[in-house]
Amino acid sequence: MSLFFQSLVLGVLLGGLYALLAAGLTLYFGVMRVVMIAHSAFLILAAYLAWFFTTETGLDPLLSLVVTVPLFFVTGVLMQRLLISRLRPATLTMMSVLLTFSVALVIEGMLGFVFSGTQRRIRLPYSGDSIDLFGANIAVVKLIAFALAAVSLGALFLILKKTQFGQALRATIQHPDAARLIGINTDRIAGYGFGLGLSTAAIGGTALALDSTIYPSLHWHWIGPLMAIIVVGGLGSIPGAAIAAMLLGLGQSLLQIPLGTTWAQTLFYVALFATLMVRPQGFFGGRLAQRF
Amino acid sequence: MRSVSRAVGLLVLAVAVLAFPSLAPDPFILSVGVVIMSYAVLATSWNFVGGFTGYISLGHASYSGLGAYATALLVIHTSLNPWVAMLLGGLVVAALAVPIGIASLRVRGASFVIVSIAMVLILLLVFQSWGEFTGGSNGLRVPRPFDESVLRPEQHERFFYLHAALLAVALLAWWAIDRSRFGTGLKAIREDEDKAQSLGVPTFNYKLTAFVISAFFTALGGGLYALWFGFLDPIFQFSILVGSYMVLMSLLGGIRSLFGPLLGAVIVGYAVEFFKNQYGDTQFHLVAMGLLLGLVVLFMPDGIIPALSSLLNRFRPQAASIREVSAGDLAEQRRTASAATSTDDESTDRLSEGAQR
């Protein structure tokens, strides 16, 4: 029973991180109809930056967020303005996949080139600490990672719902032409939306670096589950992505007990295929997802 | 004039391919030639989906890998003739591609790409963990199709010709589809799927058929490679990198042209081997590959062949209209037609005068 409860808690913690990252992917898809393969590569890049920051300065990796979040935001805006917006609208979906794929390859290659392929891990004074939560033994770093993800997801929600920028962003996602008619500069908003999405990768990467071993090709293990999550949730729907992330994260964690880690991973792909067979637009997706 | 130059070009290409093994200075160069030929087969097979329908699959490595494993497992467990096993492996993969195609082609674009990537990742997981059947991470040794008396260089030469033959069949199939009603429907899907559908093209069936044909040829390519290389490792068989090589080669050469993927395979295949030789085990070839793909996507999405032919067309006499027939021919046709029916004389004359002017 305690093993079950332990997995349940771990599943929720994992699901939180998935939800944050999937929210970023959904933002890109919403503003530009772009499937951003490089999202998880940026995630690993942020994790490496956090690791590098900690080994060089000896400070807490969470402080690296002060640098990485603005850096990634600017990178996202530049990427949208300089790369993605240059593609022809007719073939945007397909070509953007290839373009972001090439970005992912460059990042992976450069990480391997600069930091070598050795596995890295941050050593923190509180790395080994854990607390007892109703009989489940939870590592402190996992809790911090979850808190980070939850706070950022909440902040993202507030930005989208309460600010004028968020309103403009949602208008751009819902109907770009109409948004332009009422005076929203959709190009600029799309750029900022991209930056916002990439910022989630910066936060997620730092959270990831806290409690896992990182290596350059790790991003392939993340992109598959994340893609499955946004399809199951319905392309373009942020709440859908968050719910699907929670459910699948929980499922993966629970299935690890009877099946082992490798086979538990296949849950994401089974869910992906089942969704496409039963409900191709995803379970929480609206009008947007139908067409893509 | 055009057909003559085309025939000469084909002849030169065929002679170059046939003469390569005897021109290659050493077995290593010959083996690089086999690898490039294998890439050409895979890229051309990829182009059945990518070129005709515009659906870009990043995960075609799943079909080449499945073909390779199907061939190897059939040879090992049933002691079939290797070539029969290869063909059977291709058919098995084609059958598997039907449900995969049905799932991934139901939605447009993005989901297709996601499923294609997911397929590779699933198969990698499955083939790595299902050790007793697939050999797992230790790999799988494939028995050689020729007996011991055939030495390495001789093997390379034979496999070079076998790959060339498979490539020729794939190119022929592509050419035949390109000229058929089926191919026209597929290209209509590529240009505008909604319009194609409203004009009565059975878009889903067409896409699925093209997808299955592509998977079949890709699997054959994978099977042939397995028989040549003699060893399969899931990491290299089900690698997204291999799938993206196919995309890069086809895009670079030009996905709308018959020989585009072949040209791309020669360039990229050579570059890959060069980088591996120069920089060895570092990850630098990933950077080079990524940069090249990015440049092609941004600046030359139509590929080399269309770019070159448009350059050549600048030096040709300017075409009068987008039609294949000239305005004069058309006027002549109208005149004979109107003479035959002898109605509406006045209006057709006016029309033909306008066209001649």
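Which residues does Ala118(B) touch, not counting residues up to four places away in sequence? In this predicted model, the list is Gly224(A), Met227(A), Ala228(A), Tyr269(A) and Leu272(A). Each of these names carries the letter A, while Ala118 belongs to chain B.

Now look at the two chains together. In chain A, 39 residues are in contact with 36 residues of chain B. Take the side of chain A that touches chain B. Three helices each supply at least two of its residues: α4 (92-115), α9 (219-233) and α11 (261-278). The largest share comes from α4(A), with 16 residues. By class, this side of chain A has 26 nonpolar residues, 10 polar ones and three charged ones.

Next, turn to the nonpolar core. The largest one holds 207 residues. Along with Ala22(A), Ile229(A) and Leu272(A), Ala118(B) touches the most other members. Helix α1 of chain A (residues 2-32) gives this core its largest share, 17 residues.

Finally, follow two helices within chain B. Helix α8 covers residues 181-191, and helix α10 covers residues 203-229. Their axes come within 10 Å and cross at roughly 105°. Angles of 65 to 115 degrees count as roughly perpendicular, so α8(B) is roughly perpendicular to α10(B).

Where do they meet? On the α8(B) side, find Phe182(B), Gly185(B), Leu186(B) and Ile189(B). On the α10(B) side, find Thr203(B), Tyr206(B), Lys207(B) and Ala210(B). This contact has five nonpolar residues, two polar and one charged.

Definitions and conventions: Residues numbered from 1 in each chain as written. Chains lettered and ligands numbered in written order. Predicted model: local features only at pLDDT ≥ 70, side-chain atom pairs only at ≥ 80, totals over all residues. Contact = placed C-beta atoms within 7 Å. Helix = DSSP H or I, 4+ residues; strand = E, 2+ residues; numbered from the N terminus. Nonpolar A, V, L, I, M, F, W, Y, C, P; charged D, E, K, R; others polar. Axes fitted to C-alpha atoms, helices over the stretch in contact; angles between N-to-C directions. Parallel < 35°, antiparallel > 145°, perpendicular 65-115°, else oblique. Core = buried A, V, L, I, M, F, W, Y, C linked by C-beta atoms within 7 Å. Buried ≥ 20, exposed ≤ 12 C-beta atoms within 10 Å, placed from the backbone.
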